[in-house]
Amino acid sequence: MNIRVTLTEKSRAQELNMQNIPFGKHFSDHMLIAIYENGQWGTPEIKPFQPLSLSPANAAIHYGQSIFEGIKAYRHADGSSHIFRPYDNYRRFNASAARLQMPAVPEDIFIEGMRRLIDLDRNWIPGFADHSLYVRPFMFAMDDTIGVKPSESYAFMIILSPTGPYYAAPMKIYVEEYFVRAVPGGIGFAKAAGNYAAAMHATAEAKKKGYDQVLWMDAIEHKYVQECGTMNVFFIFEGEAVTPDLKEGTILAGVTRDSVIEVLQDMGLKVSERPISIDEIISSYQSGKLKEVFGTGTAATISLIRELGYKDIKMDFDIKQWEIAPRVKQLLSDIREGKAADTKKWLFKV
Ligand code: COI
């Protein structure tokens, strides 16, 4: 594929200490941009990371046609670079695009564009354990009009950000009983910017109560749990691992979620994707059947949940006793970081 490349005059990579680097604050030397107009995608361009110039009437700003993905790339001990399951994110990206009436991005622009960009900026992949290069592909409307209609032009971009662990400490999660994230028929399954905007108020309220994030429940009965702010959620019961199913389209189909299901099955656990009610969670906690709770996500990887709060009920967990979540976390990190065999072919060599 033809990509126009303009190199930066001087790399900034050496100026940054990449150990324990905060999520999403630093960006690599280059970015990729491709423009869709007149019904087709133009030649992608890799150029120095720089601000965009947008019309104040930009349609994405006003009406939110804006989607994104989160992917990670790792450096292995032999110096090679690997992207974790990029094709899965590619498929999800275009599913989000279709739901928001945006054009599909061709595979070569998404995958080959990403490969070339990461290869060029490979010095930005931190080599430390639990560190990676976070890859952020995104697309937004580019029409300069405030009429409400699907935009006719779009920008697809990829930026890269070196990162350490997203949630460094075990989390406290509030089970949200009033605000909802998604409804059947809505856009819950899409990685749309608006889903994150819609979550911010409830999250801020949960933070005031001392929690880190919310766990959403279904919008109809306010009974079945769905996902956490930036993560899918898993419950380890005696003899069964459970994660909410995706049938109603209200939950993001996480790539890490899917990987964790496979790893848990390989460990010999029964894994159920099924509705799980807050009543079941509370009663299993009280009877001692609920052993572990954790979130999964590209940015979050595997984040242990040490407390669940619901109304005035508090469920505390002694995470030092946990066996499953730490093992899954280690196994997945070892595959991603090249310390365990990639038997599932999840890694894509740059
Ligand atoms: C991810 O896990 O990649 C996400 O997109 C979550 C968040 C950082 C928005």
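Predicted model: local features only at pLDDT ≥ 70, side-chain atom pairs only at ≥ 80, totals over all residues.
R85, by comparison with the cut-off for burial of under 20%, is buried, because its relative accessible area is 8%. The side chain of R85 also meets that of D258 in a salt bridge, at 2.9 Å from N to O. Side chains of opposite charge can pair when their charged atoms come close.

## The two domains

The domain assignment of the protein gives domain 1 as residues 4–164 and domain 2 as residues 171–335, and the C-alpha centres of these two domains lie 27 Å apart. In domain 1, F68, R92 and R99 lose the most area to domain 2, and together they account for 37% of what that side buries. The size of an interface is often given as the accessible area lost when the parts come together. Here domain 1 and domain 2 bury about 1600 Å² between them, with 60% of it on carbon and sulfur atoms. In terms of contacts, 20 residues of domain 1 touch 21 residues of domain 2.

The count between domain 1 and domain 2 is one salt bridge, while the count of residue pairs in polar contact is eleven, both residues of each pair being at pLDDT 80 or more. The elements that give two or more residues to the side of domain 1 that touches domain 2 are β5 (66–68), β6 (71–75) and α2 (86–99). The largest share of that side, six residues, comes from α2.

## Salt bridges

A search of the whole structure finds 24 salt bridges, and the table gives several of them.

| Pair | Closest N to O distance |
|---|---|
| K149 and E152 | 3.8 Å |

E240 is buried, with a relative accessible area of 14%. Salt bridges that share partners also join R85, D88, R91 and D258 into one network. In the pair of K149 and E152, K149 is partly exposed at a relative accessible area of 40%, whereas E152 counts as exposed at 55% relative accessibility.

H30 is placed in strand β2 (residues 30–37) and is buried, with a relative accessible area of 4%. The side chain of H30 makes a polar contact with the side chain of D121, at 2.8 Å. Leaving aside neighbours within four places in sequence, H30 is in contact with residues including T6, I46, F49, L117 and L120.

L117 also belongs to the buried residues of α3, which are I109, F110, I111, G113, M114, L117 and I118. The 14 residues of helix α3 (residues 107–120) should span 20 Å at 1.5 Å a residue, and the end C-alpha atoms are 19 Å apart, which agrees.

P103 lies in the loop between α2 and α3 and is buried, with a relative accessible area of 13%. P103 and Y36 are 67 residues apart in sequence, yet 8.2 Å apart in space from C-alpha to C-alpha. Not counting residues up to four places away in sequence, P103 touches Y36, W41, A97, M139 and Y154.

Conventions. Residues numbered from 1 in each chain as written. Heavy atoms only, no water. Helix = DSSP H or I, 4+ residues; strand = E, 2+ residues; numbered from the N terminus. Expected span 1.5 Å × (residues − 1). Buried < 20%, exposed > 50% of the residue type's maximum accessible area, 1.4 Å probe, protein only. Domains from an automatic or database assignment. Contact = heavy atoms within 4.5 Å. Buried area = accessible area lost by both parts, 1.4 Å probe. Salt bridge = Lys/Arg side-chain N within 4 Å of Asp/Glu carboxyl O. Polar contact = N/O pair within 3.5 Å; in protein donor to acceptor, adjacent residues only side chain to side chain.
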